[in-house]
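I opened this model to look up its core, its helix packing and a few backbone details. My entries follow in the order I made them.

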Amino acid sequence: MSQSVRTSRPTGTPSWRLGPTELVYVALLGLVLAGGVLVAVQGQNLFSTANLVDMLTRSSLLGFIAIGQTFAILCRSMDLSVGYVVALTSLVAATTMDGDPGRIPLGIVAVLLVAGAVGLVNGLVIAVLRVNPFIATLGMGLIIKGYLDTQYQGPAGRVPSEFQQFGYTRIGFVPLSTAVMLALAVAGIIYLRRSRTGYHMFAVGGNVEVARMSGIRTGRVLVTAHVLCAMCAGIAGLLIAARFSVGDPRVADNLYELDSIAAVVLGGTLLLGGRGGIGGTVGGVLILAVLDTVFNIMQVDPFFKDVLRGVIIVAAVAIYARRQLDRQARRIRFDDGGGGGDSRADKSPPGAPVRAGERGGDR
Amino acid sequence: MRSTPRMMLAALAAAGLVLAGCTTDEPEDATAPDDAEDVDESDDTEDEEPADDEEAPSDEWFVQADYERELAQRDIEPEGSADQPWLQALEPAMVDTGEFALDTEGNTLCFSNASISNPWRVTGWITMQQQVEVYQASGEIGEFRVSDAADDDNQQISDIQAFVDDGDCDAIIISPSTTSTLTPAVQAACESGVPVIVFDRGVETDCMVTFIHPIGGYAFGADAAEFLVDNLEPGSTVLALRILPGVDVLEHRWAAAQQIFGDSELEILGDEFTGGDGAEIKTIVTQYLQRGAVDGIWMDAGAGAVAAVEAYEDTGNDYPVMTGEDELSFLRKWQETGMTAIAPVYSNFQWRTPIEAAVRIWNGEEVPSEWVLPQNPITEADRDEFLEGNADMPDLHYAKFGGEDLPGFPDVWQDR
Amino acid sequence: MNPRSRTADVLSRVFTGGTGTVYALLLIIFTVIFFVNASFLEPPSLMAFLKNAAPLVLLAIGQYFVIASGELDLSVGSLVGAQVVIAARLIDGEESRTVPVLLLMLAFGVLVGLVNGLVTTLLKVQSLITTLGMMLVLFGAVRFWTGGAPTGALSDAFRQPGRGGIDMPVVRQLPWALLILIGFVVLAIVLMRSSFGKTLIATGDNDRAASFSGVRVWQVRTTAFVLSSVMATFAAILIGGFAGVTAQVGQGLEFSAITAVVLGGVVLGGGRGTVIGAMGGALALQALFTLFNQLALPSTLRPSVQGVIIIAAVAYAAREHARPRPAKPPPKAEQSPRTTAITN
């Protein structure tokens with residue numbers, strides 16, 4: 001039983017271990033070195049201020065979203081509505097602040113409230129109505145899309161220049177937004193490892209039935225995960241508002257949700273839930289950012305970029321997945337309509353319909 | 001968990017970085033929106049929204065002054081020779097570029113492209129590259145660096161910042177992906193001292209050396225709407241097909257059409273968003289045809305116009321009065337069916353002009369501060385001539401690409 | 001089992017749970033459309049509706065195979081787009097090239113399915129990631145090949161299945177698409193009733209138990225991916241035929257297909273659901289879009305309404321599963337795999 005309730009660092013083993021998180025950073029290092037060489041061959045410097053700033057700026061937006069997505073995926077759920085949440089919150093921020101520096105705190109609070117509400121609804125639909133997360137969050141995304149299309153006919157609102165600092169200020173070569181993102185990551189890691197709810201997320205993702213029988217209020221954990229996920233997306237929306245100086249409904253078209261899932265999986269978190277963490281996610285985000293920057297400097301054809309990206313993401317996960325399988329203990333599952341004990345089967349989320357006679361979700 | 005000491009270390013490191021020094025990339029013109037508003041009031045440049053629209057969620061894309069100006073511009077004779085339309089300009093107010101003149105040859109030209117995510121942009125991009133090759137052969141342009149933002153505004157802001165920070169660019173051309181959101185980035189580029197050329201969509205500032213664009217969205221929408229009004233009986237029904245909401249170039253077209261339809265006696269059955277997808281368009285038109293007659297179709301762009309026409313064929317109806325764009329598939333279908341139609345254009349040859357502008361600026365020559373290119377729809381009278389000239393081009397090529405005299409013609413566009 | 005309870009058994013198997021919900025939804029939507037515009041239910045309109053819906057049904061059937069086996073295929077939208085563009089470029093208007101290009105497209109579809117399947121099963125990459133990667137690769141590769149915008153043209157012969165039909169009285173035109181659709185649905189049902197179908201469901205239900213029973217899980221899943229890609233290829237033929245070539249063709253179809261399948265009562269994670277259910281889901285989704293049109297619902301509101309309905313339908317189906325069911329009599333030996341597998 002205790003096998004399923006596990007963090008990414010099992011007790012009793014030496015604390016230094018080439019776990020999935022470390023592997024991500026090794027891959028990142030390798031990528032940076034390879035990229036640096038390739039770029040140098042072209043006569044450019046990957047580590048120039050401009051390029052470092054570029055890399056880190058790319059990583060901050062996706063970083064916020066991916067950190068949030070980690071919470072959801074750890075609970076064996078997912079959130080496909082994050083792109084729309086980013087768009088919505090950027091508009092909320094811009095229209096609330098309305099050019100007035102005094103209203104910045106109000107704008108931030110409004111964003112967190114709106115995002116939290118979206119996350120709450122997502123979580124409740126998944127936990128209580130037991131709609132599977134793919135559909136629930138896809139549906140929520142569509143609902144937000146309709147609202148955005150109806151209410152806003154283009155960019156709106158005005159962000160005061162004091163808040164635009166969030167999007168543009170740099171500390172040396174580290175953008176402020178990246179620093180905030182890293183701070184959020186640290187906070188997230190502490191939360192997952194130290195707080196009870198955070199710890200429970202691994203349990204719920206590992207085996208929701210066992211978690212429930214252990215006395216964990218799985219529904220609440222799930223809802224909390226989705227609220228946190230949406231709020232992180234809300235912070236991404238704040239960043240967009242700061243960078244653009246307006247809110248923009250069209251930001252949702254950029255498929256951030258799929259990118260964020262890719263980053264989380266690249267970071268070693270299992271789509272099946274129960275394993276992984278934010279540390280790996282940040283590594284995954286950085287990998288994608290370095291890739292994109294190198295492609296940009298080398299002026300790779302934009303369409304060929306997609307091909308390379310697709311291949312690299314799959315290849316990277318193939319390398320991680322294989323390693324994890326060798327080490328992972330077989331998990332005995334109760335019938336939950338899902339796959340067997342390896343990480344191949346994707347999603348049988350906690351809210352999935354179960355066989356007659358059983359009830360999932362919260363008590 | 002032994003992570004706490006590491007967390008502490010990380011926090012200390014972060015604090016240390018902060019002490020190491022902060023800089024900001026934000027444009028000094030920090031009150032950018034306010035400045036843009038003042039500029040709006042006085043300059044009335046295209047694609048800028050006036051003050052009241054910025055304070056509230058914009059419900060109105062319609063700016064009366066811009067609308068009237070664009071419609072009037074259609075009738076103005078441009079300066080310059082008609083066989084080089086990409087060099088023509090409507091009532092240009094010239095600026096002196098002496099401060100940017102360079103004695104050197106082989107200068108670096110940087111281009112921040114919104115994307116090449118639709119056939120119109122692809123056609124223009126090929127044309128622009130050919131134009132660059134001409135100047136590379138003659139030595140004015142050395143390196144041509146391009147960043148493609150794949151329609152991601154945030155990405156484009158970073159791309160422009162990277163160009164500015166690198167410091168290697170002798171001129172920066174920007175095709176912004178969205179008007180308002182790219183404004184701070186363009187301003188930052190201007191402040192770096194490098195000449196900035198903006199084309200296609202504009203931004204809410206006039207700090208750049210020149211802003212190149214054809215007359216504009218209002219004129220496009222008006223060309224199509226007026227054609228429908230002129231060719232349909234009062235009381236006829238019209239269906240409007242639109243691609244996406246919230247994109248200013250498209251919203252202006254629809255706003256102008258609404259204005260004109262409002263003053264006419266045509267009945268507008270509805271306006272539908274299609275995403276430019278042929279199957280969606282055909283399905284929508286078919287369903288409207290099932291409910292009753294649709295005498296005319298107004299479209300805000302040419303993508304999928306052929307699918308709309310096919311819907312009539314498949315349901316056994318007579319052809320409508322049709323509006324499309326200078327996409328060859330539409331022109332060919334128009335010729336084949338002989339229907340009553342017009343093809344408004346959003347002058348694809350505007351992709352050549354920024355290169356010309358860059359070279360002129362480096363030579364210290366005058367350029368118009370706002371370079372308004374002609375925008376003449378293709379009518380029945382000149383359609384066949386355009387089709388002959390583009391006989392072997394692919395269907396998703398644009399007739400007014402303006403590259404007939406460039407070295408790669410016709411293969412580069414044909415073989416794309 | 002006596003004949004009467006056997007019929008009841010079949011009916012209950014087909015129409016309970018998610019399948020029942022989706023056909024009820026379909027009925028409701030059709031009824032509302034009828035009230036808004038009675039002429040919709042006239043034969044010519046119905047034929048046109050089925051012609052429009054056929055590609056989505058094919059995609060849903062393909063996606064059904066994959067989801068029933070416990071995986072997910074996000075690459076079908078890009079594959080449809082790629083196939084249409086490949087066809088246009090290679091045919092380039094020449095009628096004589098139609099058949100060779102069709103065969104090439106089928107081969108390409110099989111290849112894509114094989115890659116999806118083998119990477120997921122042998123390299124053990126989660127199918128969400130594999131097919132996401134494949135989606136990116138197809139999207140980029142095709143545009144890279146054509147320089148960013150589709151070139152060439154489809155021949156009339158190619159466009160016949162999607163656009164044409166047999167002219168008949170009463171219905172005005174019996175679309176080829178409808179005949180192709182019915183053909184594939186029948187084939188799919190036959191396939192699912194064969195031993196392959198049973199092993200497919202068993203794999204999705206519990207792949208460890210299935211592999212202990214001697215099922216080659218990797219073969220079954222790979223076959224499911226190949227089937228999905230082949231169905232996507234046929235859907236591409238229909239879509240390309242229907243609407244011609246536009247630059248955005250195929251985008252977003254994977255989400256529509258998955259939505260259709262889930263609406264139809266197939267459970268994400270595998271092991272349950274029927275082909276009929278998936279087909280019902282696709283028809284219901286298409287009917288929903290038609291309803292929006294007939295109601296002249298403002299275009300901007302439609303995504304919201306769609307989202308609410310999707311969540312509601314799936315929530316309703318999920319509720320049904322939660323309710324305790326009356327105990328079933330112990331199934332007879334020869335029927336047990338089918339009963340437990342197919343009942344929603």
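**Entry 1, the core.** I began with the largest nonpolar core, which has 346 residues. The residues with the most contacts inside it are Ile65(A), Val86(A), Ile197(B), Val57(C), Leu58(C), Ala60(C) and Ile61(C). In chain B, domain 1 (26-215 + 347-376) and domain 2 (217-342) both contribute residues, so the core lies between them. I note that this is a predicted model.

**Entry 2, Leu58(C).** I picked one of the residues with the most core contacts, Leu58(C), and listed what it touches. Setting aside residues up to four places away in sequence, Leu58(C) touches Leu181(C), Phe184(C), Met231(C), Phe234(C), Ala235(C) and Leu238(C).

The axes of α3(C) and helix α11 (residues 217-243) of chain C come within 7 Å and cross at roughly 175°. An angle over 145 degrees counts as roughly antiparallel, and α3(C) is therefore roughly antiparallel to α11(C).

How do α3(C) and α13(C) pack, and at what angle? Helix α3 (residues 43-68) of chain C packs on α13(C) at about 140°, with the axes 8 Å apart. That makes α3(C) oblique to α13(C). The crossing of α3(C) past α13(C) is right-handed. From α3(C), the contact is made by Phe49(C), Asn52(C), Ala53(C), Leu56(C), Val57(C), Ala60(C), Ile61(C) and Tyr64(C). From α13(C), I noted residues including Val275(C), Met279(C), Leu283(C), Gln286(C) and Thr290(C).

Helix α12 (residues 253-263) of chain C packs on helix α13 (residues 275-294) of chain C at about 120°, with the axes 6 Å apart. α12(C) and α13(C) are therefore oblique to each other. I logged a right-handed crossing of α12(C) past α13(C). The contact uses Ser256(C), Thr259(C), Ala260(C), Val261(C), Val262(C) and Leu263(C) of α12(C). Its partners in α13(C) are Ala278(C), Gly281(C), Ala282(C), Ala284(C) and Leu285(C).

I counted 15 helices and two strands in chain C. Of its 344 residues, 60% count as buried. Among contacts in chain C between residues at least 6 apart in sequence, 79% join residues at least 24 apart. Chain B has 15 helices and 14 strands. Of the 416 residues of chain B, 57% count as buried. For chain B, 75% of contacts between residues at least 6 apart in sequence join residues at least 24 apart.

Is Ser147(B) buried or exposed? Ser147(B) has 21 other C-beta atoms within 10 Å, so it is buried, the cut-off being 20 or more. I found Ser147(B) in strand β4 (residues 141-148) of chain B. Its C-alpha atom is separated by 22 Å from that of Ala137(B), ten residues apart along the chain. Leaving aside neighbours within four places in sequence, Ser147(B) is in contact with Asn296(A), Ser112(B), Asn113(B) and Asp159(B).

I found a cis peptide bond joining Phe409(B) and Pro410(B), with omega about -10°. Pro410(B) is in the loop between α14 (380-389) and α15 (411-414) of chain B.

I also checked for positive phi in residues other than glycine. Leu255(A) has phi near 55° and lies in the loop between α10 and α11 (256-266) of chain A. With 13 other C-beta atoms within 10 Å, Leu255(A) is partly exposed. Asp92(C) has phi near 50° and is in the loop between α4 (76-91) and α5 (98-121) of chain C. Asp92(C) has 15 C-beta neighbours inside 10 Å and so counts as partly exposed.

Key
Residues numbered from 1 in each chain as written. Chains lettered and ligands numbered in written order. Predicted model: local features only at pLDDT ≥ 70, side-chain atom pairs only at ≥ 80, totals over all residues. Core = buried A, V, L, I, M, F, W, Y, C linked by C-beta atoms within 7 Å. Buried ≥ 20, exposed ≤ 12 C-beta atoms within 10 Å, placed from the backbone. Domains from an automatic or database assignment. Contact = placed C-beta atoms within 7 Å. Helix = DSSP H or I, 4+ residues; strand = E, 2+ residues; numbered from the N terminus. Axes fitted to C-alpha atoms, helices over the stretch in contact; angles between N-to-C directions. Parallel < 35°, antiparallel > 145°, perpendicular 65-115°, else oblique. Left-handed = near helix turned anticlockwise from the far one by under 90°.
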